Amino acid sequence: MAFPTPRFLLSGLCLLVAAGHAAAETPVWTEDFLGLTGTATVFDSPVVRDVLLSGSSPGNLEKLALTAGYRPWAGGRLWLLEAADKQKPVPIEPDAILKPELDRRGLVVERKVPAASLTALYAVMHNLTADRSALTAFLATAQIDGIVVLSRGMPLQWQLILPDLTLSGVIEPAGKKYLPHVWAENMALQWQWPGLRQASLVHIGNINSFTDFKTAETALGTICRSTRLLRIEGDTVSFACQSGPQAAVPERTGNLPLQAVPLIDNGLDDMILMGRQLSDRSAVFRWQGATTP
């Protein structure tokens, strides 16, 4: 099996991110909240950011999630396959590195994959770029949410196949433990934002008027091949930004009045934060060209 050109490359980045994350007192509820919603992007929601910044009790977590526009996430079911060069993928069980992180993020690997289902899958995978409807039907019949294909050997190549999105990457042995967090982030992101499809998620805050909204939308359109409005929450507008074939966020904002907003310290550990960093599917900006409301 030939793997597509990867988007995710991991080497020294692990050390940089881990070193840059200062130790902080961990709010006791944040990892439970992550498990409830499935994705660390929930902490970008204005209502959740306000709770974190205030240091107050979040109250009922499910209510907080719904207020932020997120639904309870029940985790995901996967097939885990391994492919040697020019050979068809075969089912494998997660090793001691992947298993605890899969469990932590609510991802279940099906232990038994029927031979007939594998044969059908091989036919479907040959036509992924042309038509994903057959894949969607296959996953529904198999009662799984996605398929992960790993290469044999190092560096490790991987591919995550979901109904409307395929992601791939290459990772060194030291970074293998982060992969379940990358997969979970992407699976939950697709669940929470069904309109996202093959795009990245971009939040723009400080939108105070319809003029701000239209101007920001037009500006975003200059760095995205296409944009779609997903949600409006207070003064924050969320867009789907299609900027490339693998759903990455725009690498540059040029001279646009978009100020990157640092991720708020939510007390989550470096394993989870690295999973989000490597997913590279979301960004938060503050609109600097706002008009007076």
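# Exercises on a predicted model

In this predicted model, a disulfide joins Cys 224 to Cys 241, with the sulfur atoms 1.9 Å apart.

## Exercise 1: The disulfide

Find out which parts of the chain the link between Cys 224 and Cys 241 ties together, and whether Cys 224 is buried or exposed.

**Solution**

Step 1. Start with the count: the structure holds one disulfide.

Step 2. Place each partner. Cys 224 sits in the loop between α9 (210–220) and β9, while Cys 241 belongs to strand β10, so the bond ties together parts that are 17 residues apart in sequence.

Step 3. The angle about the S-S bond is -100°, and the link of Cys 224 and Cys 241 is left-handed.

Step 4. Check the accessible area against the cut-off for buried, which is under 20%. Cys 224 has a relative accessible area of 5%, so Cys 224 is buried. Cys 241 has 0%, so Cys 241 is buried too.

## Exercise 2: The nonpolar cores

**Solution**

Step 1. Begin with a general idea: in soluble globular proteins, nonpolar side chains tend to be buried together.

Step 2. Now turn to this model. Its largest nonpolar core has 26 residues, and those touching the most other members are Leu 107, Leu 150, Trp 158, Leu 160 and Trp 183.

Step 3. List the elements that give two or more residues to this core. The strands are β2 (76–83), β4 (107–109), β5 (146–151), β6 (156–162) and β7 (165–171), and the helices are α5 (98–104), α8 (179–192) and α10 (270–279).

Step 4. A second, separate core has 24 residues, including Val 48, Leu 52, Ala 240 and Leu 268.

## Exercise 3: The largest cavity

Describe the lining of the largest cavity, and say which residues lie nearest its centre.

**Solution**

Step 1. Count the cavities: the structure holds three of 30 Å³ or more. The largest cavity has a volume of about 80 Å³.

Step 2. Go to the lining. The largest cavity is lined by 13 residues, and Ser 45, Pro 46, His 203, Glu 233 and Ser 238 lie nearest its centre.

Step 3. Find the strands involved. Both β9 (226–233) and β10 (236–242) supply at least two lining residues, and β9 gives the most, with three residues.

Step 4. Sort the lining by class: five residues are nonpolar, five are polar and three are charged.

Methods
Residues are numbered from 1 along each chain as its sequence is written. This is a predicted model: local features need pLDDT of at least 70, side-chain atom pairs count only at pLDDT 80 or more; totals for chains, interfaces and linings use all residues. Side-chain values use heavy atoms; hydrogens and water are left out. A nonpolar core is a set of buried Ala, Val, Leu, Ile, Met, Phe, Trp, Tyr and Cys residues joined through side-chain atoms within 4.5 Å. Buried means under 20% relative accessible area, exposed over 50%, partly exposed in between (1.4 Å probe, protein chains only). Helices (H or I, at least four residues) and strands (E, at least two) are DSSP runs, numbered from the N terminus. On a 1 Å grid over the protein atoms alone, a cavity is a set of points where a 1.4 Å probe fits but cannot get out, and a pocket is an open set with protein on both sides within 12 Å along at least five of seven lines; lining residues have an atom within 4 Å of a point. Grid points are joined across faces, edges and corners, and a volume is the space filled by probe spheres set on the points. Ala, Val, Leu, Ile, Met, Phe, Trp, Tyr, Cys and Pro count as nonpolar, Asp, Glu, Lys and Arg as charged, and the others, Gly among them, as polar. A disulfide is a pair of cysteine sulfur atoms within 2.5 Å.
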